[in-house]
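Here is a short briefing on one structure. Please look over the sequence and the fold before reading on.

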Amino acid sequence: METTVERLARIEALLAPLPDPEIPVVTLAELGILREVRTGNDGTPEVVITPTYSGCPAMGQIEDDIVAALRAAGLPGRVVTQLSPAWTTDWMSEAAK
């Protein structure tokens, strides 16, 4: 049976290659938008995302892409948008820069 740590790692690996809908040559992880995969208070996996700026129009598409990837893999989970701390270019990987 899969442990919680293994499940969260599997979700993170599954989501790592998801492209940014506005800049598809860069992934959400490389941009630093994909902040964390954690377990919520009720035990459900949560994918934490932070927009590059408040009001970013791509956030709905990003959430839909994450949910679709989770469903396609048969994994439970929900997306949580976290605005604080605010996104910064420091969160971008060297590859994205």
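Leucine 15 sits in helix 1. The model is predicted.

**Leucine 15**
- Leucine 15 has 1% relative accessibility, so it counts as buried; the cut-off for buried is under 20%.
- Beyond its neighbours within four places in sequence, leucine 15 is in contact with Leu34, Val47, Ile66 and Ala69.
- Threonine 27 lies 12 residues from leucine 15 in sequence. Their C-alpha atoms are 9.1 Å apart.

**Helix 1 against helix 3**
- Two packed helices are described by the angle between their axes and the distance between the axes.
- Helix 1 spans residues 4-15 and helix 3 spans residues 59-72. They pack at an angle of about 125°. Their axes are 10 Å apart.
- Helix 1 and helix 3 are therefore oblique to each other.
- Their crossing is right-handed.
- From helix 1, Ile11, Leu14 and Leu15 meet Ile66, Ala69 and Leu70 of helix 3.
- The residues of this contact comprise 6 nonpolar, no polar and no charged.

**Nonpolar core**
- In soluble globular proteins, nonpolar side chains tend to be buried together.
- The largest nonpolar core here has 24 residues. Ile11, Leu15, Leu28, Val47, Ile49, Ile62 and Ile66 touch the most other members.
- Two or more residues come from each of helix 1, helix 2 (28-31), strand 1 (34-39), strand 2 (45-49) and helix 3.
- Helix 3 gives the most to this core, with 5 residues.

Notes. Residues are numbered from 1 along each chain as its sequence is written. This is a predicted model: local features need pLDDT of at least 70, side-chain atom pairs count only at pLDDT 80 or more; totals for chains, interfaces and linings use all residues. Side-chain values use heavy atoms; hydrogens and water are left out. Axes are lines fitted to C-alpha atoms, for helices over the stretch in contact, and angles run from 0 to 180 degrees between N-to-C directions. Helices (H or I, at least four residues) and strands (E, at least two) are DSSP runs, numbered from the N terminus. Angles under 35 degrees count as roughly parallel, over 145 as roughly antiparallel, 65 to 115 as roughly perpendicular and the rest as oblique. A crossing is left-handed if the near helix is turned anticlockwise from the far one by less than a right angle, and right-handed if clockwise. Contact means heavy atoms within 4.5 Å. Ala, Val, Leu, Ile, Met, Phe, Trp, Tyr, Cys and Pro count as nonpolar, Asp, Glu, Lys and Arg as charged, and the others, Gly among them, as polar. A nonpolar core is a set of buried Ala, Val, Leu, Ile, Met, Phe, Trp, Tyr and Cys residues joined through side-chain atoms within 4.5 Å. Buried means under 20% relative accessible area, exposed over 50%, partly exposed in between (1.4 Å probe, protein chains only).
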